Amino acid sequence: MRVVTGLSVLVLGAGGIGHAVVSGLETGIDRVDPFKDMKNRPRGGHGMNFLLVGTDGRDRISPEEKKKYKLGGAPCHCTDTLMLVHLSADKQRASVISLPRDSYAELPAHTDGTTGKEHSPHPVKLNAAYAEGGPQLTVRTVEQMTGVKIDHYLEVDFTSFMKTVDTLGGVEICTAKPLKDSYTGLNLAAGTHRLDGGQALQYVRSRHLDGAADLGRMQRQQKFMAALIKQTTSSGVLMNPMRFHQVATSMLESVRADKGFGTEQMLGLGKALRGFTPASSEFASVPLEEKGFQVKGIGSTVKWDAVKSKKMFQALREDRSLAPHQPKQPEATLVDVAPEQIRVQVYNGTPRDGLGQDVDAALRGTGFDTTRAPLNGGPKDLRRTLVSYDPRWDRSAKSLATALPGCELKAVQGQGGTMKVTAGSDFTKVQRVKAEDPQRGEFGTVTGDQVVCP
């Protein structure tokens with residue numbers, strides 16, 4: 001083991017991951033030329049841009065797995081997921097923008113590569129670009145819509161996704177509420193789970209969990225990518241040439257990439273990721289103007305907000321972060337309702353002067369919407385902190401109680417939406433909490449450390 005460790009340090013020190021480890025990997029990649037004969041492309045900016053395309057390919061999945069993970073039916077040979085990934089010029093930040101597959105898009109004029117038939121520009125849903133013209137038309141359409149020059153194209157199908165997760169030993173996901181989708185077979189209780197490849201595929205494909213549909217699915221995909229980064233960067237994969245080779249080989253067996261994505265590019269990515277943490281990544285979705293934009297002959301689409309999306313992609317071209325820098329926060333416990341959505345009135349239930357102000361300030365410090373005017377009231381010798389609430393707001397009450405370890409919960413009919421906290425002599429601190437779906441910044445941005453398990 002000491003010999004292996006020593007060799008790892010030498011190889012990694014000499015070349016990030018090491019030419020000897022990486023140079024043989026690219027021979028196994030299925031190549032595609034998405035940039036062939038492309039003209040009038042956007043100007044390149046700083047950093048590197050990848051178009052990550054997830055297709056519904058399932059040819060190499062066994063019948064047993066198809067049945068288990070509900071992958072029946074014929075694939076549509078279209079894009080299931082589209083993400084624009086920007087690696088900053090200093091290799092310190094990765095920005096991931098989800099492009100809704102139902103986005104209203106106008107395909108540029110193109111020639112069918114099989115039949116030679118000419119097609120004039122016409123409206124479609126974005127994921128139809130792949131079905132009509134494969135990787136090349138997909139890249140052209142995304143560049144036309146975003147004004148961002150794509151440097152590299154990576155295409156992953158269901159098989160490579162599942163195998164990569166399994167080779168990493170699974171990925172940890174946490175949820176504050178049960179997740180059940182009869183369409184994909186996803187069935188997770190509230191809590192923390194280590195998902196294998198098949199379960200992970202169910203998690204990122206599910207879109208029938210709530211009313212958010214495809215937009216909620218994109219947020220779960222972003223959360224999963226943050227967890228995947230955490231697993232990859234914290235498990236020693238990037239510090240061990242043999243483990244790296246094992247994971248990379250498994251992933252690349254079912255990946256298609258452009259001809260320019262070779263050894264040097266993989267080395268650069270590997271070297272950059274060695275210093276990554278979940279906080280190094282940021283995730284956003286294209287700002288939308290209308291979610292049910294009806295188009296004749298196409299149906300319901302989602303229409304991008306022209307002003308906000310232009311601003312987002314300009315930031316990407318200029319290599320600027322999409323999320324404002326936030327100081328590192330202490331560990332937080334996951335709750336169902338964001339503290340910012342919970343209104344709290346604090347009372348002092350003890351003879352201790354100033355306890356009400358202390359509790360109010362501590363709750364406000366972790367995000368709760370306190371009145372900032374604590375009151376004296378109730379018993380003067382309360383030993384155990386009490387949270388009273390209207391049963392109609394029971395989820396909010398449970399989230400608040402998590403922030404007050406050991407408190408007592410009491411349902412009070414007709415109290416209304418404001419929680420009442422009566423501080424007892426047992427109060428010591430407020431436990432920081434955060435919602436599973438955190439408060440998002442401009443462009444709906446979150447950083448990876450906001451969405452991975454605490």
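Where in the chain is the place of Leu-322? Leu-322 sits in the loop between helix 10 and strand 18 (333-335), where helices (H or I, at least four residues) and strands (E, at least two) are DSSP runs numbered from the N terminus. The model is predicted: local features need pLDDT of at least 70, side-chain atom pairs count only at pLDDT 80 or more, and totals for chains, interfaces and linings use all residues. Residues are numbered from 1 along each chain as its sequence is written, and side-chain values use heavy atoms, with hydrogens and water left out.

**Chain and confidence**

- The chain contains 13 helices and 26 strands.
- Of the 454 residues in the chain, 50% are buried; buried means under 20% relative accessible area, exposed means over 50%, and partly exposed lies in between (1.4 Å probe, protein chains only).
- The mean pLDDT is 82, and 81% of the residues reach 70 or more; pLDDT is the predictor's confidence in each residue, from 0 to 100.
- Over residues 1-17 the pLDDT is below 50, and this stretch has 22 contacts in the model beyond near neighbours in sequence; a contact means heavy atoms within 4.5 Å.
- Among contacts in the chain with a separation of 6 or more, 73% join residues 24 or more positions apart.

**The open sheet and its helices**

- An open sheet is formed by 8 strands in the order 1-14-9-2-3-4-15-26, with mixed pairing; two strands pair if DSSP finds at least two bridges between them.
- Strand 1 (30-32) and strand 26 (446-447) are the edge strands, each pairing on one side only.
- Strands of a sheet pair through backbone hydrogen bonds, either parallel or antiparallel.
- Strand 9 (residues 152-156) and strand 14 (residues 255-258) run antiparallel and are joined by 3 bridges.
- Glu-155 has Arg-256 in strand 14 as its bridge partner.
- Helix 4 (residues 128-146) packs on the sheet and touches strand 1, strand 2 (48-55), strand 3, strand 9 and strand 14; its direction makes about 145° with that of strand 9. Axes are lines fitted to C-alpha atoms, for helices over the stretch in contact, and angles run from 0 to 180 degrees between N-to-C directions.
- Helix 10 (residues 306-317) also packs on the sheet, touching strand 3, strand 4 and strand 15 (281-285), and its direction makes about 150° with that of strand 4.

**Surroundings of Leu-322**

- Leu-322 counts as buried, because its relative accessibility is 4%.
- Leaving aside residues up to four places away in sequence, Leu-322 touches several residues, including Ser-95, Ile-97, Met-312 and Phe-443.
- Glu-442 is 120 residues from Leu-322 in sequence, yet the two are 7.3 Å apart in space, C-alpha to C-alpha.

**Loop residues with positive phi**

- Lys-91, in the loop between strand 3 (79-87) and strand 4 (94-98), has a positive phi of about 60° although it is not a glycine.
- Lys-91 is partly exposed, at 33% relative accessibility.
- Arg-372, in the loop between strand 20 (369-370) and strand 21 (375-376), has a positive phi of about 65° and is likewise not a glycine.
- Arg-372 is exposed, at 60% relative accessibility.

**Cysteines**

- The structure holds 0 disulfides; a disulfide is a pair of cysteine sulfur atoms within 2.5 Å.
- Cys-174 is buried, with a relative accessible area of 3%, and Cys-407 is buried, at 12%.
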